[in-house]
Amino acid sequence: MTKDNQIKPNHNLILENRKSLSISGITDVDSFDDRAVCLYTQLGELTIQGKELHIDSISVETGNMTITGDIWAVIYGDKDRHGPLSALGRLFR
């Protein structure tokens, strides 16, 4: 808990054999294709880069996502930037 008695958001990554990535705490998906998935988490920007990337599952209720493919990089951006609230982002709230 923070000093304001607010629960800190959970954000976790589990990368298995550089082929499967499970992510929690997603608030919005900015863009995706077979080479990059750009999204926002409760703790800021996150970009996954690779080859033949595919979003296998996404849960609106929990903010969880599973990505498979040849994962080359997991890059965090600005932790204070949570992105615009798109239609998909509104579903995660």
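Biologist: Which residue stands opposite Ile 48 in strand 6?

Modeller: Val 74 in strand 6 stands opposite Ile 48. Remember that we are reading a predicted model.

Biologist: Where should I begin with the whole chain? What elements does the protein have, and in what pattern?

Modeller: Begin with the inventory. The protein has one helix and six strands. Then follow the sequence from start to end. The pattern is β-β-β-β-β-β-α.

Biologist: In what order do the strands lie in the sheet?

Modeller: The order is 1-2-6-5-4-3. The sheet is open, and its pairing is antiparallel. Next, look for the edges. Strand 1 (13–16) and strand 3 (26–32) each pair on one side only. That makes them the edge strands. Now check the turning of the strands. Neighbouring strands are turned by 45° against each other on average, with direction ignored.

Biologist: How do I read a strand pair? How many bridges join strand 5 to strand 6?

Modeller: Take two strands and count the bridges. Strand pairing needs at least two. Strand 5 and strand 6 have eleven, and they run antiparallel. Strand 4 (residues 36–41) pairs with strand 5 (residues 44–59) over six bridges, also in the antiparallel sense. Within that pair, Cys 38 has Thr 47 as its bridge partner in strand 5.

Biologist: And on the other side of the sheet order? How many bridges hold strand 2 and strand 6?

Modeller: Four, antiparallel. There, Ser 20 has its bridge partner, Thr 68, in strand 6. Strand 1 and strand 2 (residues 20–23) also pair over four bridges, antiparallel. In that pair, Leu 13 stands opposite Ile 23 in strand 2.

Biologist: What lies between the strands of each hairpin?

Modeller: Look at the residues that link the two strands. Strands 4 and 5 have two residues between them. Strands 5 and 6 have four, and Gly 63 in that turn shows a positive phi of about 75°. Strands 1 and 2 have three, and Asn 17 has a positive phi near 55°.

Biologist: Which residues of strand 2 are on its covered face, and which on its uncovered one?

Modeller: Sort its side chains into two groups. Leu 21 and Ile 23 make the covered face. Ser 20 and Ser 22 make the uncovered one.

Biologist: Which residues form a nonpolar patch on the surface?

Modeller: Leu 13, Val 74 and Tyr 76 form it, with about 230 Å² of accessible area together. Val 74 is the residue we started with. Val 74 lies in strand 6 (residues 64–76).

Biologist: How many residues apart are Thr 27 and Gln 42 along the chain, and what separates their C-alpha atoms?

Modeller: They are 15 residues apart along the chain, and 6.1 Å separates their C-alpha atoms. Thr 27 is in strand 3. Thr 27 counts as partly exposed, at 23% relative accessibility.

Biologist: What do the totals for the protein say about burial, surface and contacts?

Modeller: Take them one by one. Of the 93 residues, 28% count as buried. The protein exposes about 6100 Å², and carbon and sulfur atoms supply 50% of that. For contacts, take residues at least 6 apart in sequence. Among those contacts, 50% join residues at least 24 apart.

Methods
Residues are numbered from 1 along each chain as its sequence is written. This is a predicted model: local features need pLDDT of at least 70, side-chain atom pairs count only at pLDDT 80 or more; totals for chains, interfaces and linings use all residues. Side-chain values use heavy atoms; hydrogens and water are left out. Patches are made of residues with over 30% relative accessible area and no salt bridge: like charges are joined within 9 Å, nonpolar side chains (Val, Leu, Ile, Met, Phe, Trp, Tyr) within 5 Å. Accessible areas come from the Shrake-Rupley method with a 1.4 Å probe; for residues, only the protein chains shown count as cover. A salt bridge is a side-chain nitrogen of Lys or Arg within 4 Å of a carboxyl oxygen of Asp or Glu. Axes are lines fitted to C-alpha atoms, for helices over the stretch in contact, and angles run from 0 to 180 degrees between N-to-C directions. Buried means under 20% relative accessible area, exposed over 50%, partly exposed in between (1.4 Å probe, protein chains only). Contact means heavy atoms within 4.5 Å.
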